[in-house]
Amino acid sequence: GSTFVLDADIDIEAYCKSNLDANGIGGWEPIKLSGSNFEGNGHTIKGLYINRNSSNQALFYSAKNIKNLKLLNCDIKGKDNVAGLSSSSATIKNCSVKGSIEGESYTAGVMGSGYYANTSYCYFEGNVKGKNYVGGITGFQASFIGWEMIKEYTLQDIRNRLHGGAF
């Protein structure tokens, strides 16, 4: 797949807010990176805003690899598979997310749900709220065979009803 590279820090808050309807619904439309990679080069994306009552809400939907990226001041609301960086399966390395994430199921600071996915050296700071499968790093991990979480931590307020934890 292709590799997309971020060359500088960017602030997308004004862009996100310009895509809201009269009821405040809308914002960022997740980028589908199926089979592709994203290299953040240590840069920061600031002001990600999403408010939709639909699933798969995050910066990316279905990326292969996401590396070396910081997400700052994010505010994301959705239904299922809601997170800061990836709504579903991805290999995520050396990334951080700071902000507020709210969904129903499979909701987390970094990745909503993962199937044969890995996260390493990731950090989340903020608030996560959901009903089922809620966590700071990932909301749900389907396969633990060959899956690892290396040197990750969260500073968060996680509020959920069923199935969830710090990671």
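## A walk through the side chains and strands

The side chains of Glu13 and Lys17 form a salt bridge, with 3.9 Å from N to O. Keep in mind that this is a predicted model. Glu13 and Lys17 are four residues apart in helix H1, so about one helical turn separates them.

Lys17 has something else going on. Its charged end sits over the ring of Tyr49, 4.6 Å from the ring's centre.

**Salt bridges**

How many salt bridges does the structure hold? There are four. Here are some of them, including the one we began with:

| Salt bridge | N to O distance |
|---|---|
| Glu13 and Lys17 | 3.9 Å |
| Lys77 and Asp75 | 3.2 Å |
| Glu125 and Lys98 | 4.0 Å |

Glu125 is partly exposed at 31% relative accessibility, and Lys98 is partly exposed at 35%.

**Aromatic pairs**

Next, the rings. A pair of aromatic rings is described by how far apart the centres are and by the angle of the planes. Searching the whole structure turns up three aromatic pairs. One of them is Tyr15 with Trp28: the ring centres are 5.9 Å apart and the planes are at 75°, so the pair is edge-to-face, because an angle over 60 degrees counts that way. This pair links distant parts of the chain, with Tyr15 in helix H1 (residues 13-18) and Trp28 in the loop between strand S3 (26-27) and strand S4 (31-32), 13 residues apart. Is Trp28 buried or exposed? Trp28 counts as buried, at 13% relative accessibility.

Phe38 and Phe60 make another pair. Their ring centres are 4.9 Å apart and their planes are at 50°, so this pair is tilted. It also links distant parts of the chain: Phe38 belongs to strand S5 (residues 37-46) and Phe60 to strand S7 (residues 60-61), 22 residues apart. Phe38 and Phe60 are both buried.

**Strand S8 and its partners**

Which strands pair with S8? Among them is S5, which pairs with strand S8 (residues 65-77) in the parallel sense over seven bridges. Asn37 stands opposite Asn65 in S8. Strand S6 (residues 49-51) also pairs with S8 in the parallel sense, over three bridges, and Ile50 has Ile76 in S8 as its bridge partner.

Strand S10 (residues 91-93) runs parallel to S8, joined by three bridges, with Lys67 opposite Lys93 in S10. S11 (residues 96-102) pairs with S8 in the parallel sense over six bridges. Here we meet Asp75 again: its bridge partner in S11 is Ser100.

**The whole protein**

Zooming out, the protein has one helix and 20 strands. Of its 167 residues, 47% count as buried. Among contacts between residues at least 6 apart in sequence, 78% join residues at least 24 apart. The accessible surface comes to about 7900 Å², and 48% of that belongs to carbon and sulfur atoms.

Methods: Residues numbered from 1 in each chain as written. Predicted model: local features only at pLDDT ≥ 70, side-chain atom pairs only at ≥ 80, totals over all residues. Heavy atoms only, no water. Phe/Tyr/Trp six-rings, centres within 6.5 Å; stacked < 30°, edge-to-face > 60°. Helix = DSSP H or I, 4+ residues; strand = E, 2+ residues; numbered from the N terminus. Buried < 20%, exposed > 50% of the residue type's maximum accessible area, 1.4 Å probe, protein only. Lys NZ or Arg CZ within 6 Å of the ring centre and 35° of its normal. Pairing = 2+ DSSP bridges. Contact = heavy atoms within 4.5 Å. Areas by Shrake-Rupley, 256 points an atom, 1.4 Å probe, with all protein chains shown as cover.
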